[in-house]
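My notes follow in the order I looked things up.

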Amino acid sequence: MSQDEMKSYQPTCSIEALKARAEMYKKIRQFFAERNVLEVETPILSQAGVTDVHLASVQVQRHIHGKLNTQYLQTSPEFPMKRLLASGSGPIYQICKVFRDDEHGRKHNSEFTMLEWYRPAMDLTALMHETADLLESCLAHRFGDIRPIVLSYKHAFQDRLDINPLQASLKQLKETAHRVGLNLDLGDDRLAYMDLLFSHFVEPSLGFDKPVFLTDFPPEMASLAKVKQDEDGELVAARFEVYIEGLELANAYDELLDADVLASRFEADNRQRAEQGLPVIPTDQYLLAALPNMPECSGIALGIDRLLMVAMNQMNIDKVIAFPAEIA
């Protein structure tokens, strides 16, 4: 056996990274224990998947009572956790494995670890403060006192590209992309051009002086969040994302509680999937049934692996996970 073959079994991260991960889990659990937030566990397989056009679920075949079922590995524990909230669980959190098909690269692995928590009767501003406190407990050794900058999606675009994405037409977005040298043909997909500009010119600049909480996304990006008016009277999604050193760490919503609106969003997603030749995904009827009983709350999902990348000042996710998909 060659030396290379003998080393092929070894993890891509160091033993130091394994210890840092264990210490981070300890800090997270202590953080929520002090706030009386209950740790829960939910299934990673479900009969329903996520309909989001930009996410691909991993399909799995398994037998239940002798009958073969197609099921989906979770892209997030959101749906079953909301069923717990609707059943009276109170504030809850979970650390779990999630899966997104064929997402690999410096910042991505198709199996990764997520921290997700929900806070009944807590608004997004209060959740921002709590998230900042959690980040400080995990990253104080690198950044000290973490008081994030709050910036709207619209103003971030205007600062860097001199365009208001909430009002910009498809033609204006295409012209802006051409002006900055992004000469890709994305057809008539307005959101695709917005994402292209954001990923190349906005996201990489966020969170280098302090963490940035990016708020008030375009309403088309509401996903499972409510829609509201911003200070200028424009419709925006009531959500925020957290960025440190150009890396997206977390995504939070003022959670939508209207089952009819959510069902219509699922249907619109699946229509778009069909138009793009993507598989139509069964919607979670249990979630829709639970939603009317769910309390007003905010929720957030945070990538543990990316948080560990920041904590250890690593640029590649392989340096903080033991066995990425290529050698799992």
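**Helix α3 and its end**

I started at Gly88, which follows α3 and has a positive phi, near 95°. Helices here are DSSP runs of H or I with at least four residues, strands are runs of E with at least two, and both are numbered from the N terminus. The model is predicted, so I note that local features need pLDDT of at least 70, side-chain atom pairs count only at pLDDT 80 or more, and totals for chains, interfaces and linings use all residues. Residues are numbered from 1 along each chain as its sequence is written, and side-chain values use heavy atoms, with hydrogens and water left out.

Next I asked which residues of α3 (residues 78-86) are buried. They are Glu78, Phe79, Met81, Lys82, Leu85 and Ala86. Buried means under 20% relative accessible area, exposed over 50%, and partly exposed in between, with a 1.4 Å probe and protein chains only. Seen down the axis of α3, the buried residues fall within an arc of 160°, so they line one face of the helix. The arc is taken from the directions from the helix axis to the C-beta atoms. I recalled that an α-helix has 3.6 residues a turn, so residues three or four places apart point the same way. The buried residues of α3 pack against β5, β6, β11, α8 (259-275), α9 (285-290) and β12. Contact means heavy atoms within 4.5 Å.

**The cores**

I then looked up the largest nonpolar core and found 43 residues. Such a core is a set of buried Ala, Val, Leu, Ile, Met, Phe, Trp, Tyr and Cys residues joined through side-chain atoms within 4.5 Å. Among those with the most contacts inside it are Ile28, Phe32, Leu115 and Trp117. Elements giving two or more residues to this core include α2 (15-34), β6 (111-120) and β10 (235-244). α4 gives the most, with 8 residues. I checked Leu115: leaving out residues up to four places away in sequence, its contacts include Ile28, Phe32, Tyr93 and Ile300. A second, separate core has 24 residues, including Leu151, Phe157, Tyr193 and Leu214.

**An open sheet**

I traced an open sheet of 3 strands in the order β2-β4-β3, with antiparallel pairing. Two strands pair if DSSP finds at least two bridges between them. β2 (45-46) and β3 (58-64) stand at the edges with a single partner strand each, so one side of each is left without a neighbour in the sheet. β3 and β4 (residues 67-73) run antiparallel and are joined by 7 bridges. Gln61 stands opposite Thr70 in β4.

**Aromatic pairs**

My search of the whole structure found 10 aromatic pairs. Rings of Phe, Tyr and Trp (its six-membered ring) pair if their centres lie within 6.5 Å; planes under 30 degrees apart count as stacked, over 60 as edge-to-face and the rest as tilted. Phe31 and Phe32 have ring centres 5.2 Å apart and planes at 90°, so the pair is edge-to-face. Phe31 is buried, with a relative accessible area of 5%, and Phe32 is buried at 0%.

Tyr153 and Phe198 are stacked, 5.2 Å centre to centre with 10° between the planes. This pair links distant parts of the chain, 45 residues apart: Tyr153 is in α5 (residues 153-161) and Phe198 in α7 (residues 190-202). Tyr153, Phe157, Phe198, Phe217 and Tyr243 form one aromatic cluster.
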